[in-house]
Amino acid sequence: MSDLYLGCHISIANGFEAAAKDAVSIGANSFQFFTRNPRGGSAKALDENDLKAYEEIAQEHNFGPLLAHAPYTMNLASAKERVREFALEVLLDDYERIKRIKNARYLFHPGSHVGQGVEQGIEYIVTALNKLLKDDQGPWIMLEGMSGKGTEIGYAFDELRQIIQGVNHSKRLGVCLDTCHMHSAGYDIVNDLPGVLKEFDEKIGLDKVRGVHINDNMNQFNSRKDRHAKIGEGSIGTEAIVKFMQTPEFKGLPFNLETPNELDGFAAEIKLLRSLV
Ligand code: FE
Ligand code: FE
Ligand code: ZN
């Protein structure tokens with residue numbers, strides 16, 4: 001299979017071997033999984049034999065990196081100390097686990113400041129990341145760029161930059177771009193992709209992009225809403241998504257679909273994108 005690493009969100013409820021087999025069955029050579037259930041309960045213990053079986057499949061089918069998505073309820077920027085402490089526990093525990101999964105990268109939603117202000121929220125996120133990252137080793141960890149709904153932090157490139165600049169060991173700290181979120185956040189990847197990429201490069205650096213979520217947008221440009229559409233059924237459209245994926249600086253990244261699909265729908269989108277990109 002090609003070095004276009006393309007996959008989708010797949011459940012690891014039955015383990016990594018089963019997820020990898022699901023991926024292969026739909027033409028994927030990457031996948032994304034939740035590190036634990038979205039409500040943030042304790043994570044299932046990793047099984048060494050299961051991980052080995054995944055590694056063999058990944059090797060045989062030329063898998064690229066996997067994306068490990070933190071529970072979206074994890075809020076490092078909460079005004080409530082208890083919530084922040086719990087989020088930090090999840091972050092620390094998840095990151096240790098991700099180290100054991102070959103070629104996995106960790107990503108999380110920066111958080112929502114829920115009224116106390118962006119600056120305070122960013123300070124909390126930076127504080128947590130400085131407790132997590134004590135050196136420049138370890139798997140990549142990514143801030144996901146958000147749509148900017150509610151009081152979400154990290155939809156604007158400036159906010160992502162501020163977080164990264166605040167972290168002492170930011171060498172392995174990157175960004176996961178989500179096409180739907182960018183478009184909703186007011187980055188016009190349909191009509192001005194070069195301009196958007198240039199701005200990102202100047203503010204953060206395109207080499208910081210370490211993973212991509214491929215989604216069409218059910219809402220309009222700059223809507224600050226977050227609902228993903230199937231490829232070609234939203235306000236971004238197939239052509240703009242393909243152009244985005246063809247960005248030379250994104251070569252070799254894991255691209256994962258988070259479109260509203262079951263496995264057969266994902267298979268069709270993967271096939272379409274492989275034929276076009
Ligand atoms: Fe996400
Ligand atoms: Fe996403
Ligand atoms: Zn989303």
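1. The model is predicted, so local features need pLDDT of at least 70 and side-chain atom pairs pLDDT 80 or more, whereas totals for chains, interfaces and linings use all residues. Residues are numbered from 1 along each chain as its sequence is written, and ligands are numbered from 1 in the order in which they are written.

2. The protein contains nine helices and twelve strands, taken as DSSP runs (helices H or I, at least four residues; strands E, at least two). The C-alpha trace spans about 45 × 45 × 30 Å along its principal axes.

3. Of the 277 residues, 55% count as buried, meaning under 20% relative accessible area (1.4 Å probe, protein chains only).

4. The iron ion (ligand 1) is coordinated by H69 (NE2), H109 (NE2) and E144 (OE) at 2.1 to 2.2 Å. H69 lies in strand β3 (residues 66–69) and H109 in the loop between β4 (104–108) and β5 (111–112), so the pair ties together parts that are 40 residues apart in sequence. Donors are N, O and S atoms within 2.8 Å of the metal (3.2 Å for Na, K and Ca); water is not among the atoms, so sites may look incomplete.

5. Both histidines are buried: H69 has a relative accessible area of 3% and H109 one of 18%.

6. E144 coordinates both the iron ion (ligand 1) and the iron ion (ligand 2), which are 3.5 Å apart.

Methods
Side-chain values use heavy atoms; hydrogens and water are left out. Buried means under 20% relative accessible area, exposed over 50%, partly exposed in between (1.4 Å probe, protein chains only).
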